[in-house]
Amino acid sequence: MSSNWQRLLQKQRKQQVKSSKTSKSVKSNKVSKSVRVPLSKIVELQKAENVKQANNSKPLQIKKSESDNISNREKEIGRFLAIDCEFVGVGPEGVQSELARVSIVNYHCHTVYDRYVKPREKVTDWRTHVSGIRPSDMHNAISFKQAQQETADLLKDRILIGHAVHHDLEALYLTHPKKMIRDTAGHTPFKQKYSKGKTPSLKKLAQEILGWNIQGGEHSSVEDAKATMLIYKSDKKNFEAKARSSKGK
């Protein structure tokens with residue numbers, strides 16, 4: 001280090017000490033002593049702090065194999081399925097309902113089936129503001145017969161969950177064993193707690209139980225099916241207890 005550089009450093013240190021003495025204000029008779037920490041120790045502590053912050057901010061990571069297993073498990077059809085359908089209007093003034101979409105989700109709310117269905121009669125009211133169905137959706141729609149068969153195959157030997165599910169079954173011209181049906185619309189605890197003994201709407205149950213605001217405009221049968229499944233799961237114990245007691249009658 002050159003002598004000029006040493007003199008400059010000494011001069012700066014003297015100015016810093018002088019400035020520190022003149023700016024210090026004494027509020028009591030206590031004298032605080034500064035502790036000198038070696039530069040190497042400061043660097044060491046800073047490195048440790050940086051590592052700590054990095055570890056705290058690192059997101060939880062799942063190994064690829066574990067992630068794949070979770071994803072595959074959730075996509076399985078499983079034993080429990082929730083269904084919801086959308087309808088369009090046919091006949092004079094579109095007052096009669098005709099099936100236009102079928103959506104089914106599994107226990108984990110993964111969509112296992114979602115198909116638009118060609119109405120068998122001429123549509124006189126698409127009811128888009130409610131059904132969410134548009135003429136353009138029919139470009140990739142399947143026939144009623146295909147939807148009926150595919151739905152029947154999925155529901156066979158499985159627990160069917162729905163809200164006023166008899167409407168969906170009637171629209172598909174299907175039946176399902178009563179002991180295998182869990183209907184959130186007719187669940188007594190829900191009727192007593194949320195609608196004074198009357199049949200609660202799916203919108204009401206979704207708001208009260210899930211905190212979801214659904215059906216505010218165009219409906220989504222996928223969203224409604226997911227809501228129905230989660231509502232069922234919120235009181236699954238009582239649903240299944242009632243089902244077991246009904247088998248003995």
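Over the ring of which residue does the charged end of R120 sit? The ring is that of F144, whose centre lies 4.0 Å from the charged end of R120; a charge is taken to sit over a ring if NZ of Lys or CZ of Arg is within 6 Å of the ring centre and within 35 degrees of the ring normal. The charged end of K233 likewise sits over a ring, that of Y107, at 4.2 Å from its centre.

The model is predicted, and local features need pLDDT of at least 70, side-chain atom pairs count only at pLDDT 80 or more, and totals for chains, interfaces and linings use all residues. Residues are numbered from 1 along each chain as its sequence is written, and side-chain values use heavy atoms, with hydrogens and water left out.

The chain holds 10 helices and six strands, where helices (H or I, at least four residues) and strands (E, at least two) are DSSP runs numbered from the N terminus. Of the 249 residues, 32% are buried, a class that means under 20% relative accessible area, with exposed set at over 50% and partly exposed in between (1.4 Å probe, protein chains only).

A search of the whole structure gives six aromatic pairs; rings of Phe, Tyr and Trp (its six-membered ring) pair if their centres lie within 6.5 Å, and planes under 30 degrees apart count as stacked, over 60 as edge-to-face and the rest as tilted. Two of these pairs are set out here.

| Pair | Type | Centre to centre | Angle between planes |
|---|---|---|---|
| F80 and Y107 | tilted | 5.4 Å | 50 degrees |
| F190 and F239 | edge-to-face | 5.9 Å | 70 degrees |

F80 counts as buried because its relative accessibility is 10%, whereas Y107 is partly exposed, with a relative accessible area of 24%. The pair of F190 and F239 also links distant parts of the chain, from helix 7 (residues 188-194) to helix 10 (residues 236-247), 49 residues apart, and both F190 and F239 are buried. Ring pairs join F80, Y107, F190, Y194, Y232 and F239 into a cluster.

Turning to cysteines, the count of disulfides, defined as pairs of cysteine sulfur atoms within 2.5 Å, comes to zero. C85 is buried at a relative accessible area of 5%, and C109 is buried at 13%.
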